[in-house]
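Visitor: Can you walk me through this one? I'd like to start with the side chains.
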Amino acid sequence: MSSTTSEGRRPRRPGGWRGVTWGLAIWGLFGLVGFLATVEAGPLRAGAATSNITPPLGELIVGGWKPFPATHIHDELHARCLVLNDGETTLAIVICDNVGIPREVFDKAKEFMAAEAGIPATNVLCAATHTHSATTARGENKVVSSAQLTDYQAFLARRIADGVRRAVNQLEPAQIAFGAVDEPSQVFNRRWYVTDPDLLRNPFGGVDQVRMNPPAGNPALVRPAGPTDPQIAFLSVQAVDGRPIALLANYSLHYVGGVPGGHVSADYFGVFAERIAELLGAEKLSPPFVGILSNGTSGDVNNINFREPGPRKQPYEKMREVADLVARRVHEAHQSLTFQRDVTLSAATAEMTLQVRRPTPEMLTRLEDVVASSDPKTLRVHEDVYLQRLRRLAESPDTVSILLQVLRIGDVGIAAIPFETFAETGLEIKEKSPYPKTFTIELANGSYGYLPTPEQHALGGYETWMGTSNVETEASVKIVQTLLDLFARVQAK
């Protein structure tokens with residue numbers, strides 16, 4: 001495993017004495033001193049921008065069991081970008097409206113940023129929101145290098161980099177504050193112990209101990225198999241005069257959904273971005289304010305109250321309700337923030353090699369027999385889907401290399417994990433981090449499936465099935481320890 005810590009390169013300030021106009025000169029000495037005092041009043045500078053990443057109609061929407069073509073754009077998809085500079089180090093955070101983006105796409109975007117904006121890849125955190133109503137960025141086949149990207153993948157990498165460059169262009173003296181507030185009413189662990197063994201059957205002929213998304217209100221429900229993380233953590237960035245620049249929030253809720261078939265939508269992540277701008281009075285600013293909601297550790301969490309199911313909602317109705325509530329809670333907590341300008345920025349990354357899980361010949365043979373029989377009594381838990389997934393696993397390399405990352409923004413720590421991560425893992429990172437203000441962004445710098453803990457692997461269930469979770473069962477333990485080591489490294493600096 002290798003790791004890197006980077007300070008970045010300070011962006012060149014435009015102008016200089018040769019660029020001073022006659023209009024500035026006639027301000028006189030006192031006017032000039034006042035101007036410089038405003039620009040240089042503190043080290044932090046910030047800029048934000050959005051980049052439209054909406055795909056063409058006809059691209060395949062993923063997030064369900066089988067892809068289907070996009071027929072309508074309900075709302076545009078974006079890469080939402082925030083750039084921070086402390087006078088020495090530049091960090092960039094990009095959150096994209098997509099279900100999961102391969103590392104190779106993000107790596108290509110980072111190549112552009114390094115060459116065109118001078119930001120080293122170590123200092124760039126790119127992640128997907130995990131909206132289930134976006135078209136795929138994975139391509140038909142596995143991407144093996146950034147030189148083999150599909151048209152949409154290449155477009156996505158270019159637009160991510162362009163968004164960051166635009167944010168760099170808008171760097172200005174800024175101040176920042178961290179806030180956090182709990183909202184437990186919208187997060188529910190979706191893995192349940194149940195008493196009905198028929199609900200626990202898996203595609204491989206076995207019986208699990210827990211069930212993902214059991215029938216809501218079913219008398220067989222016993223209790224959830226894990227915790228939730230109710231915290232909404234957020235960073236608010238303002239110009240020195242108090243004008244909002246950006247707000248980056250983090251909530252551990254998988255997605256909301258309620259989208260008609262064929263519709264492309266950013267889900268509640270996009271609605272939040274609009275709603276927080278309204279609440280902050282930042283809808284029509286120049287440069288435009290950028291609201292951002294990242295996905296926390298929500299691999300086993302969704303918005304369904306299985307114990308007490310609510311009424312059926314119209315399309316997009318629940319999405320708007322959740323986004324409005326999350327935005328209002330952030331806005332309430334925002335009232336008591338204390339902003340600061342003197343913050344230290346740093347980043348560190350580590351490459352980790354993980355073993356890939358392998359199907360046995362017996363598993364493949366059973367699935368092939370079931371699928372060939374087409375017996376509705378046995379073909380009941382998507383055996384056809386998992387046969388294809390296990391065949392791909394059998395042909396894949398023995399190991400996969402993933403990128404782990406941490407950012408330090410003053411006294412705030414951000415961890416980045418390229419998996420759909422369980423809530424208990426995020427809670428463990430918060431508990432053990434040297435930064436009391438810590439949150440984790442999942443599906444960051446890649447997308448490799450689910451990341452159950454070893455204890456959750458032992459319980460079975462959809463998130464642990466081979467073909468859904470594809471790396472070694474101890475991966476979460478290794479990842480947490482590496483992230484804590486990276487946090488210690490940036491803290492020591």
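Guide: This is a predicted model. Start with Arg223: its charged end sits over the ring of Tyr193, 4.2 Å from the ring centre.

Visitor: And over which ring does the charged end of Arg389 sit?
Guide: Over the ring of Tyr386, at 4.8 Å from its centre. Tyr386 also belongs to a cluster linked by ring pairs, together with Trp65, Phe204, Tyr450, Tyr462 and Trp465.

Visitor: How many aromatic pairs does the count come to?
Guide: Twelve aromatic pairs. One of them is Phe204 with Trp465: the ring centres are 6.3 Å apart and the planes stand at 85°, so the pair is edge-to-face. The cut-off for that label is over 60 degrees between planes.

Visitor: Which parts does the pair of Phe204 and Trp465 tie together?
Guide: Two loops. Phe204 is in the loop between strand E12 (191–194) and strand E13 (210–212), while Trp465 is in the loop between helix H10 (454–459) and helix H11 (475–492), so the pair ties together parts 261 residues apart in sequence.

Visitor: Trp465, buried or exposed?
Guide: Buried, with a relative accessible area of 9%.

Visitor: What about Phe419 and Tyr448, how are their planes set?
Guide: At 40°, with the ring centres 5.7 Å apart, so that pair is tilted. Phe419 lies in the loop between strand E22 (412–417) and strand E23 (420–421), and Tyr448 in the loop between strand E24 (437–442) and strand E25 (450–451), so the pair ties together parts 29 residues apart in sequence. Phe419 is buried at 0% relative accessibility, and Tyr448 is buried too, at 16%.

Visitor: Switching to strands. In what order do the three strands of the open sheet come?
Guide: E4-E3-E9, with antiparallel pairing. Strand E4 (68–69) and strand E9 (134–135) are the edges: each has a single partner strand, so one side of each has no neighbour in the sheet.

Visitor: How many bridges join E3 to E9?
Guide: Two, between strand E3 (residues 60–62) and E9, which run antiparallel. Val62 is opposite Ala134 in E9.

Visitor: Now the whole protein. How many helices and strands?
Guide: Eleven helices and 25 strands. Of the 493 residues, 55% count as buried.

Visitor: What share of the contacts comes from residues 24 or more positions apart?
Guide: 82% of the contacts with a separation of 6 or more.

Visitor: Last one, what does the accessible surface come to?
Guide: About 20,700 Å², and 52% of that belongs to carbon and sulfur atoms.

Terms used. Residues numbered from 1 in each chain as written. Predicted model: local features only at pLDDT ≥ 70, side-chain atom pairs only at ≥ 80, totals over all residues. Heavy atoms only, no water. Helix = DSSP H or I, 4+ residues; strand = E, 2+ residues; numbered from the N terminus. Buried < 20%, exposed > 50% of the residue type's maximum accessible area, 1.4 Å probe, protein only. Contact = heavy atoms within 4.5 Å. Areas by Shrake-Rupley, 256 points an atom, 1.4 Å probe, with all protein chains shown as cover. Pairing = 2+ DSSP bridges. Phe/Tyr/Trp six-rings, centres within 6.5 Å; stacked < 30°, edge-to-face > 60°. Lys NZ or Arg CZ within 6 Å of the ring centre and 35° of its normal.
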